[in-house]
Each structure stands twice: as C-alpha cells, then as structure tokens.
Amino acid sequence: MTKEKFLARYDKLRLDEKKNYKQIDALFLNTIESEGIDFFIKNKILSRLARCEKTIYLYCQTCEKNLDSLSRVEIMALFYSYLHLSKVKKARAILTLLDLSNTSTYDEVLSGLACGKFVKKRHNPFIIKYDLTIKEKIFYLIEGIDSIIDFIKTGYDNFLLRHIYLTILNGDRYAFIGPFIKEIFINTAIYEINEYNRKVFQHCLVHEYTHLYQNQYYTWGLLKEKKEGSVWRFVNEMFADFKAYKFLGVLDRYAVQSNYCAYHLINSKTFTIDDILYRFTECTKSTKKKLISYRFLVSFCMFLIDKYGYDRINKLPAASRDYDHGHSFLKYLILYFGCDIEILLRQWKKNILTDHKPTPSQCTDDIVDCFKVEGVDDKSIILSYSAKYYLSVWDNIITYSGERLIERDEVTKHKYLKEGKFKIDKQNLKFGELDVFIHFYQYSQYYKIDLVKYI
Ligand SMILES: [Zn+2]
C-alpha cells in the first residue's frame, strides 16, 4: 500500500460516509494490520487516524507516546479526539502544548468546558453530549430537533451522516465544527431560555450541519491559490446561513434585514468588497467584526437567487462534483456563475447602495418602545433599550454618528434580550448626535438621539 493509494481510496469512500462507513473502517483497520502504525507516521498522515471511529483510541495512544514530536495538526487532532471521547481533562492538558495566541477556536472550546462532565443522549441520527449542569436548558433548546432531522433528510441531496455528533458546551462564544471526526459544537451560555433563543440555537445547528455537508464537496484540493481560502470561507458561510434561514422559514423576511445591514456596513466602509472576498477569514477572527461580518451573507445570497434562481444556488456545493477537479475553487465559481464572483459582489454592492437605503419612513411597527441614555462616564455613554422582540445590539441595532458606524462595547454581551444595554465610546461621536436604526426581519425603526450635553 502506498500513501497515494490509501488517500485516493479514502477520499473516494468518504464521498458517501453513510453508505461506506464499514469500508472506511475496514480500510483503516486493514492498513494498520498489514502495514503497521509506522505506515501512518512515516508518511506523515498519522492525524488521519483521528478521522475514523475505530482508530481514534489508537491515535490517542500513539500520540501520547510521542508527545514531543507531534506537529501542530497532530496536536489539534489529539485535542478534538479527546473532546470526542469526552475526556475533558486530557483535552485541556493537550492545549497547553500549543501556542494559542493566534487562534480563537480553542479559547471558545475551553470557555465551554468549565463544568467538565458530559452526559450522552441519543436521538437518531444525532448523538448529543451536554454538560449535566445545563440539562434543563438543553432539553428546552433541542425541543423541535425532529423538524431539523426532516429538513436535513430532504434538503441536502441524500447527504446524511451515519451519526451526527452534537456537543453542547456551556461557553459564551460561538458554534463550530470539529475538523477530524465530523462533530458539531454549540456554545449555549449566551442563551437565556426563550423561544427566540431556541431559534438561534436551531439556526446554529443547521448552519454547522451545512458546513459538514459542504466540506464533502469543497475539499482542500480545490484551494490552489492563497487568496482562495478566504473566498472558500465566504461562500461556505454564505451557503450555511442561507440554509439556516431557509430552515427557519424566514429567508425572504430576513433578507430585508440583511439588505439593510449590508447597506450600513458597506456605506460606512466597515467592509470593502476586497475585505468580504479576500479577507473574510481575517475579518471573522476579529471579535468586533466577527458577528457583523455574517449579517450581509443572506443579502448577497438572495441577490444570487434573484439572478440565477433558487435551485441553481441550492445546488452550488453538490454541482461541484460534476466539474473537473483539476480546477481551483475560484475557477469553479466562474464556471458555475459564468462570471467572476468579484464582479457579482460589485453588482450586488451597487444594488444595495441604490435600492436598500434605510429610511425612517420604512417603519411599519414599533419594535423598541424605549431607547435612552442610561449613564455617562469620562469615556463612554451607556444606552439602553426595551423592545417588543428579543434583540441583539450586534444583529439588530445599528448606530451611526455622522457617516461613521459606531462600534459598540457590549454591556450585556451578545445576548438576545427584550431589555438590553450597550456602551459606546465618546471618541466615536463626531456630531453630538446619534442615528439609531433598528432592524428585525421586515420591521425597521429609526431614532435620532441628541448627545451634545453628554460629550
Ligand atoms: Zn459557519
């Protein structure tokens, strides 16, 4: 067996993991039996063992014997393997081997491991793990998971994993997927128990599942140029959000909010087209831009749907299989759209700036009944609101001073609340007044607040 032959066989089988799982297990076990573990070490493909249920223990054991010589990828694979095996203490210990200064993912995971003991619950095809201390919340959030199962059984052209591992953490960060064993992680500390947050949870779950689906098609082999990594991420996130809003049944309604957000973010030059396309990954690493960088994804997706039709966009990942895989990801997009994606983004930008400028007259309903200055100190002003719906100061409330979009420090974190607070830096207030746009699905509301006496 050569490395190339092993990888080619594995890549072919993994195109349908549900059907081929027995052959995948056999491929790994037989290769270990005939070639020995050295085959994986010598060929620098040891971390592949962390992708197979049957060899994940062996992977951990092998790594433990060679901790000093592990590569970064191997350490990451070991970390996720321990997490998958619910060995929280071991997972924590392994992170001390890594320089984490440049990554946020592990920070996100660690914040969620605070309690430490997982409970397992099966709900086919889901295998759900959660911390015992948050049991009540989890039961509330996963109610309605059957409708997600129906959606993924019918909406992903027969793609269904044998098991969908879902690990629910109690951290205050975001959701993500495990890069080795296919696993979805969702942090839930930010969710208070309410119906809106259950929808946010469902949104996360469908969004992350869609990443697993897309990653079957968009393999790393498609990334030939460095800048393609960012384009890949942008398209991947756009499609994941598109599916999540489709599941929630609010795609058209949310598109209105997304268009308004896109207007604010582009008009204030918070994002350029180059940022969106070629620096999207960098933007999502910055805590402040991370949340808002997802807000315009549905807007662009709906622009594509208007232009190409729903079915064509829905088939974007799966259709890549019919193209010659000698191409790069960018080339695939050109072939599929008949046009460079950068040109499409520039057309979309023009469309947003001319047709989607939010105006006060668009208010059709009062979302917020009280929006006021709550307190002032040397550096900042604290604003508070009380609303009819659960809102987030990042997602739904957009503030301007003059032409400049205001960055907000969250006082109440990224929670969806009916009553919330946020803090803005006095330095950012150019004209002593603040324009506040509040968007929630198709509703839009506008406030102008005089701040001269506070600055
Ligand atoms: Zn995502």
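The legends below describe close-up views of a predicted model of one protein chain.

View 1. The predicted chain has a mean pLDDT of 87, and 93% of its residues reach 70 or more. Among its elements, helix 16, which covers residues 297-308, has the highest mean pLDDT, at 97, whereas helix 7, covering residues 105-112, has the lowest, at 60. The chain is divided into domain 1 (1-91), domain 2 (99-217), domain 3 (219-355) and domain 4 (360-454).

**View 2. The contact between domain 3 and domain 4.** The C-alpha centres of domain 3 and domain 4 are 28 Å apart, and the contact between these two domains draws 14 residues from domain 3 and 14 residues from domain 4. On the side of domain 3 that touches domain 4, helix 12 (251-267) and helix 15 (287-292) each contribute at least two residues, and helix 12 supplies the largest share, with 7 residues. By residue type, this side of domain 3 consists of 7 nonpolar, 4 polar and 3 charged residues.

**View 3. Helix 12 and the residue K269 just after it.** The end C-alpha atoms of helix 12 are 23 Å apart, which agrees with the 24 Å that its 17 residues should span at 1.5 Å a residue. Helix 12 is mostly covered, in that 14 of its 17 residues are buried. Just after this helix comes K269, with a positive phi of about 60 degrees, although K269 is not a glycine. K269 is placed in the loop between helix 12 and helix 13 (273-278), and it counts as exposed because it has 11 C-beta neighbours inside 10 Å, where 12 or fewer is the limit for that class.

**View 4. Helix 5 and its surroundings.** Helix 5, made up of the 13 residues 72-84, reaches 18 Å from its first C-alpha to its last, close to the 18 Å expected at 1.5 Å a residue. This helix is mostly covered, with 10 of its 13 residues buried; among them are E74, M76, F79, Y80, Y82 and H84. The cover over the buried residues of helix 5 includes helix 4 (56-65) and helix 6 (88-95), together with strand 3 (164-169), strand 4 (176-179) and strand 5 (182-187).

**View 5. The loop that holds S86, after helix 5.** S86 follows helix 5 and is found in the loop between helix 5 and helix 6. The phi of S86 is near 60 degrees, a positive value in a residue other than glycine. Most residues other than glycine have a negative phi. S86 is partly exposed, because 15 other C-beta atoms lie within 10 Å.

**View 6. The nonpolar cores.** The largest nonpolar core contains 87 residues, of which I184, I186, Y209, M238 and V298 touch the most other members. Helix 11 (residues 228-248) gives the most to this core, with 11 residues. When neighbours within four places in sequence are left aside, Y209 is in contact with I152, I164 and I184. A second core of 22 residues is separate, and its members include I24, I56, Y59 and F180.

View 7. D25 is placed in helix 2, which runs over residues 17-35, and it counts as partly exposed because it has 15 C-beta neighbours inside 10 Å. Not counting residues up to four places away in sequence, D25 touches C52, E53 and K54. The C-alpha atoms of D25 and E53 are separated by 7.5 Å, although the two residues are 28 residues apart along the chain.

**View 8. The cis peptide bond at P125.** N124 and P125 are joined by a cis peptide bond, for which omega is about -5 degrees. Most peptide bonds are trans. P125 lies in the loop between strand 1 (118-123) and strand 2 (126-131).

**View 9. G375 in strand 6.** G375 is found in strand 6, which covers residues 368-376, and it is partly exposed, because 13 other C-beta atoms lie within 10 Å. G375 and K137 are 238 residues apart in sequence, and their C-alpha atoms are 33 Å apart in space.

Note on methods: Residues numbered from 1 in each chain as written. Predicted model: local features only at pLDDT ≥ 70, side-chain atom pairs only at ≥ 80, totals over all residues. pLDDT = per-residue confidence, 0-100. Helix = DSSP H or I, 4+ residues; strand = E, 2+ residues; numbered from the N terminus. Domains from an automatic or database assignment. Contact = placed C-beta atoms within 7 Å. Nonpolar A, V, L, I, M, F, W, Y, C, P; charged D, E, K, R; others polar. Buried ≥ 20, exposed ≤ 12 C-beta atoms within 10 Å, placed from the backbone. Core = buried A, V, L, I, M, F, W, Y, C linked by C-beta atoms within 7 Å. Expected span 1.5 Å × (residues − 1).
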